Amino acid sequence: MLGVEVFESEEKGRGLLTRERIEQGKTILKQSPLVSVLKDRFVETRCGSCFSEFDLERRKKKKCSGCSLVYYCSVNCQVIHSLIHQLIRI
Ligand SMILES: [Zn+2]
Ligand SMILES: [Zn+2]
């Protein structure tokens with residue numbers, strides 16, 4: 001376990017600080033993102049909720065009737081996406 005501490009700086013904002021040497025590529029922190037979106041080039045080929053790739057032969061993608069911006073792969077993903085609509089009211 002690395003010894004890391006949170007620091008605050010007016011010019012740099014908030015960050016993590018350690019005095020130990022960290023090997024390049026080593027994971028020091030894992031956290032789920034607060035917000036995530038698909039890049040434009042994946043909107044047609046991936047679910048806007050779970051990001052899984054559409055298998056066009058087995059799964060039918062459905063366009064969101066609320067925003068017409070994303071497709072989703074299942075009723076479950078539709079429900080999750082509709083919660084986002086309720087939160088941000090779009
Ligand atoms: Zn999905
Ligand atoms: Zn939507």
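**Backbone geometry, core and overall form**

F51 is located in the loop that connects β2 (13–18) with β3 (62–63). Here helices (H or I, at least four residues) and strands (E, at least two) are DSSP runs, numbered from the N terminus. The structure is a predicted model, in which local features need pLDDT of at least 70 and side-chain atom pairs count only at pLDDT 80 or more, while totals for chains, interfaces and linings use all residues. Residues are numbered from 1 along each chain as its sequence is written, and chains are lettered from A and ligands numbered from 1 in the order in which they are written.

Although F51 is not a glycine, its phi is positive, at about 70°. F51 is partly exposed, with 13 other C-beta atoms within 10 Å; a residue is termed buried if 20 or more other C-beta atoms, placed from the backbone, lie within 10 Å of its own, exposed if 12 or fewer, and partly exposed in between. A positive phi, near 55°, is also found at S68, a residue other than glycine. S68 belongs to the loop between β3 and β4 (71–72) and is exposed, since 8 other C-beta atoms lie within 10 Å.

The secondary structure amounts to one helix and four strands, arranged from the N terminus as β-β-β-β-α. Helix α1 (residues 75–88) has 14 residues and should span 20 Å at 1.5 Å a residue, in agreement with the 20 Å between its end C-alpha atoms; the expected span is 1.5 Å times one less than the number of residues. Of the 14 residues of α1, the number buried is one, so the helix lies largely in the open. S82, in helix α1, is partly exposed, with 15 other C-beta atoms within 10 Å. S82 and K39 are separated by 43 residues in sequence and by 20 Å in space, C-alpha to C-alpha.

C47, V70, Y71, Y72, C73 and C77 make up the largest nonpolar core, of six residues. Such a core is a set of buried Ala, Val, Leu, Ile, Met, Phe, Trp, Tyr and Cys residues joined through C-beta atoms within 7 Å. Leaving aside residues up to four places away in sequence, V70 touches V43, G48, C64 and H81, contact being defined by C-beta atoms, placed from the backbone, within 7 Å.

Of the 90 residues of the protein, 10% count as buried. The radius of gyration is 19 Å, whereas a compact globule of 90 residues would have one near 12 Å; the radius is taken over C-alpha atoms, and the globule rule is 2.2 Å times the number of residues to the power 0.38. The C-alpha trace spans about 50 × 30 × 20 Å along its principal axes.

How values were computed. Contact = placed C-beta atoms within 7 Å.
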